[in-house]
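Hi everyone, thanks for coming. I'd like to walk you through one model today, so let me put it on the screen.

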Amino acid sequence: MGTEDKSIRCLILGAGPAGYTAAIYASRANLAPVLYSGLQPGGQLTTTTEVENFPGYPEGIGGTEMMEQLKQQAARFGTDIRFGAATKVDLSKRPFTVTIDGEKEVTCNALIIATGASAKYLGLPDEEKYAGQGVSACATCDGFFYRGKKVAVVGGGDTACEEALYLASIAEKVYLIVRKPFLRASKVMQERVEKHPKIEVLFEHNTLGLFGENGVEGAHLVYRKGERDEAKKDIAIDGFFLAIGHKPNTDLFQGQIELDKAGYIVTKGNTSLTNVEGVFAAGDVADPRYRQAVTSAGSGCKAAMDAEKYLMEHEL
Ligand code: NDP
């Protein structure tokens with residue numbers, strides 16, 4: 001262990017809006033924060049195009065650009081921003097121990113967890129088989145490769161509609177595979193999708209598998225599975241996009257900190273406090289409900305303020 005890491009006062013895991021905002025507040029409060037960015041610096045916003053609903057940007061701003069600005073703002077006040085992901089934690093005694101990239105151990109007096117959430121997959125073996133060969137969970141990252149081609153998006157929420165609309169601006173045809181007979185997305189998104197000439201919504205369809213010699217060439221679907229009029233059908237597609245929700249990145253904390261049934265970190269009331277004193281949570285990792293950049297940023301602020309109070313009260 002390097003001596004410089006012996007006594008991190010405030011360690012932040014995650015580099016999305018929650019982690020960076022915690023870093024801005026913690027560094028301005030002289031907590032000398034160290035932030036490990038995880039495997040996806042900038043977090044989920046780097047996989048989106050325009051952010052139009054963050055207050056203060058009347059014209060909107062690119063997701064990656066916004067995260068770069070948050071990073072610069074955190075660095076300006078002295079946050080030590082490092083590349084690396086926590087692979088193990090020991091929260092059973094203080095100072096807490098966190099292993100980075102499986103090799104380096106750091107200890108900290110206060111820990112802010114802002115590790116976010118990741119896209120869910122259906123769990124089909126074919127998703128793994130064709131990973132990087134036509135299967136993606138991020139239209140804005142990979143849509144570019146499907147210019148003039150046919151793609152499918154799975155899901156019926158706002159994300160699925162947004163991805164379908166984005167892909168429709170690039171691809172020749174977009175199927176939206178929805179397991180229910182309706183879309184769960186907001187009215188305005190539903191209307192945009194249903195009106196779009198390039199998007200065909202396949203209600204009450206599920207995906208059984210994918211096929212193709214060199215990458216995805218099509219999907220096996222089933223209509224009204226288990227019903228009397230059940231019917232199987234294949235569609236020809238070059239890309240298969242998942243947009244069925246997210247899973248919190250908390251595997252690392254299993255058994256060490258209280259999680260809810262879906263794996264989200266449980267925080268106390270209107271605070272960032274977890275059931276382990278000195279450990280705080282912010283952003284999507286503790287928020288199955290709102291999951292917005294602005295709410296994440298707000299919770300990052302709360303986590304830094306809670307950490308500051310804790311460190312002061314314990315003279316750490
Ligand atoms: P949601 O949980 O809202 O929707 C997930 C969708 O995936 C649902 O249609 C669900 O079907 C479907 N689904 C889940 N599991 C499976 C499965 N195994 N097989 C097939 N389909 C499945 O997630 P989103 O990511 O869309 O949205 C999350 C939150 O973020 C929401 O609150 C949303 O409003 C918000 N959001 C807002 C945006 C905006 O305002 N611009 C953009 C993106 C997200 P079912 O309906 O049957 O459960």
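Let's begin with a question: on the other side of α6, which residues are exposed? They are Lys187 and Lys195, where exposed means over 50% relative accessible area with a 1.4 Å probe, counting protein chains only.

Before going on, a word on the source: this is a predicted model, with local features needing pLDDT of at least 70, side-chain atom pairs counting only at pLDDT 80 or more, and totals for chains, interfaces and linings using all residues. Residues are numbered from 1 along each chain as its sequence is written, and side-chain values use heavy atoms, leaving out hydrogens and water.

Back to helix α6, which spans residues 187-195; helices here are DSSP runs (H or I, at least four residues), strands likewise (E, at least two), numbered from the N terminus. Its buried residues, those under 20% relative accessible area, are Met189, Gln190 and Val193. These sit on the same side of α6 because they cover an arc of only 100 degrees around the axis, taken from the directions from the helix axis to the C-beta atoms. They pack against α5 (158-168), β12 (173-177) and β13 (199-202), with contact meaning heavy atoms within 4.5 Å.

- Arg184, at 2.4 Å
- Thr159, at 2.6 Å
- Lys180, at 2.9 Å

Taken alone, the ligand exposes 910 Å², and the protein buries 74% of that, by the Shrake-Rupley method with a 1.4 Å probe.

Note on methods:
Polar contact = N/O pair within 3.5 Å; in protein donor to acceptor, adjacent residues only side chain to side chain.
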